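I opened this notebook to record what I looked up in one structure. The entries follow the order in which I checked each point.

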Amino acid sequence: MTSTPRDPDTERPGRPVVDLATWQKARDELLVREKAHTRAGDALAADRRRLPMVEFDATVEVVGPDGPVPFLDLFEGRDELLVYKHMWYDATPPQGQCEGCTTAAWHLRDAVYLNARGVSFAIVTTGPWDEVADFVDFMGYTQPWYSVRGVDEPVGGAMGYLTSYLRDGDRAFLTYSTTGRGNEPANPSLALLDMTPHGRGEAWEEHPEGGTAPAGEPCWYWRTDSDGRATWGPTSRPAAQWTRPGATPETTLGRTGPCH
């Protein structure tokens with residue numbers, strides 16, 4: 001059955017309604033650019049693999065659930081290791097931790113496909129281990145977590161990074177590190193949102209002429225109360241965390257304000 005498009009003059013601004021053939025032509029034109037973008041990404045990945053490496057002391061200790069262990073243990077016997085460096089706010093309740101890092105960590109709860117390709121995965125942060133352990137328990141995370149408080153680069157240092165390491169026996173090498181939007185592969189929901197009409201709902205995005213994204217601040221897409229209302233406070237938590245059985249609101253506050 002062929003659908004009949006509505007009169008464009010009666011449509012809401014920002015919704016360019018056309019027939020299927022016109023849509024397909026525009027879609028095919030965009031596909032050419034998407035394929036070029038994919039190939040450019042492949043070329044960048046090849047150059048990433050060609051980067052020089054930095055050897056460092058892999059015996060430096062980090063703190064996990066079993067106490068101090070050498071960083072080399074994070075490889076779990078594999079030759080490659082990806083680490084997400086989770087930002088941390090001391091003495092802050094779980095709902096006050098970094099919104100971006102929290103979403104990334106939630107998406108990276110399961111590393112079985114990385115492990116199948118010989119890559120281990122861990123999360124490190126500068127928080128003191130007792131606070132980190134409470135946060136991991138609150139969120140229901142299953143990844144290996146470690147505190148790198150007081151540890152220098154390239155194991156510790158600045159947080160908010162995705163970092164790649166290589167092991168050769170007892171030797172370890174820093175091979176790659178990225179931050180900002182370079183971390184987006186850790187959060188596939190962002191790429192999926194890029195395929196939707198409203199996108200991510202962030203202020204910097206471009207939209208069709210006359211169209212607008214849903215109002216809101218970037219952190220709103222993950223921090224809500226139990227009824228799904230965007231908020232920050234004693235009854236809020238990362239949105240996905242409400243799916244955890246038995247989740248209850250926190251009753252203490254540290255940091256103030258809707259976002260940080």
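**Entry 1. Burial and helix α2.** I took a residue as buried when its relative accessible area is under 20%, as exposed when it is over 50%, and as partly exposed in between. I note at the outset that this is a predicted model. By that cut-off, 7 of the 9 residues of helix α2 (residues 99–107) are buried, so the helix is largely enclosed by the rest of the structure. I listed the buried residues of α2 as E99, C101, T102, T103, A104, A105 and W106. I then looked up what covers them, and found that the cover includes strands β4 (80–86), β5 (119–125), β6 (145–147), β9 (223–224) and β10 (237–238), together with helix α4 (129–139).

**Entry 2. The chain as a whole.** I counted 5 helices and 10 strands in the chain. Of its 260 residues, 35% are buried. The chain exposes about 15600 Å², and carbon and sulfur atoms supply 55% of that area.

**Entry 3. Cysteines.** How many disulfides are found in a search of the whole structure? The search returned 0. I recalled that a disulfide is a covalent bond between the sulfur atoms of two cysteines. The cysteine sulfur closest to that of C98 belongs to C101, and at 3.7 Å it is too far for a bond, because the cut-off for a disulfide is within 2.5 Å. C101 is likewise in no disulfide, the sulfur of C98 being the nearest cysteine sulfur to its own. I checked the accessibility of both residues: C98 is buried at a relative accessible area of 10%, and C101 is buried at 2%.

**Entry 4. A hairpin.** I examined strands β2 (residues 61–64) and β3 (residues 67–70), which pair in the antiparallel sense over 4 bridges. The two strands form a hairpin with 2 residues between them. I noted that G64 has G67, in β3, as its bridge partner.

**Entry 5. Salt bridges.** I recorded a count of 13 salt bridges. In one of them K25 meets E29, with the closest N and O atoms 2.7 Å apart. Why are K25 and E29 separated by about one helical turn? They lie 4 residues apart in helix α1, which accounts for that separation. K25 is exposed, with a relative accessible area of 53%, whereas E29 is partly exposed at 45%.

I looked next at R78 and E76, whose side chains form a salt bridge of 3.0 Å from N to O. R78 is partly exposed at 23% relative accessibility, and E76 is partly exposed at 45%. The side chains of R229 and D227 also meet in a salt bridge, at 3.2 Å from N to O. D227 counts as exposed, at 56% relative accessibility.

**Entry 6. A nonpolar patch.** Which residues make a nonpolar surface patch of about 330 Å²? I found V18, L20 and W23. W23 lies in helix α1 (residues 20–49), and W23 is partly exposed, with a relative accessible area of 46%.

Technical notes. Residues are numbered from 1 along each chain as its sequence is written. This is a predicted model: local features need pLDDT of at least 70, side-chain atom pairs count only at pLDDT 80 or more; totals for chains, interfaces and linings use all residues. Side-chain values use heavy atoms; hydrogens and water are left out. Buried means under 20% relative accessible area, exposed over 50%, partly exposed in between (1.4 Å probe, protein chains only). Two strands pair if DSSP finds at least two bridges between them. Patches are made of residues with over 30% relative accessible area and no salt bridge: like charges are joined within 9 Å, nonpolar side chains (Val, Leu, Ile, Met, Phe, Trp, Tyr) within 5 Å. Accessible areas come from the Shrake-Rupley method with a 1.4 Å probe; for residues, only the protein chains shown count as cover. A salt bridge is a side-chain nitrogen of Lys or Arg within 4 Å of a carboxyl oxygen of Asp or Glu. Contact means heavy atoms within 4.5 Å.
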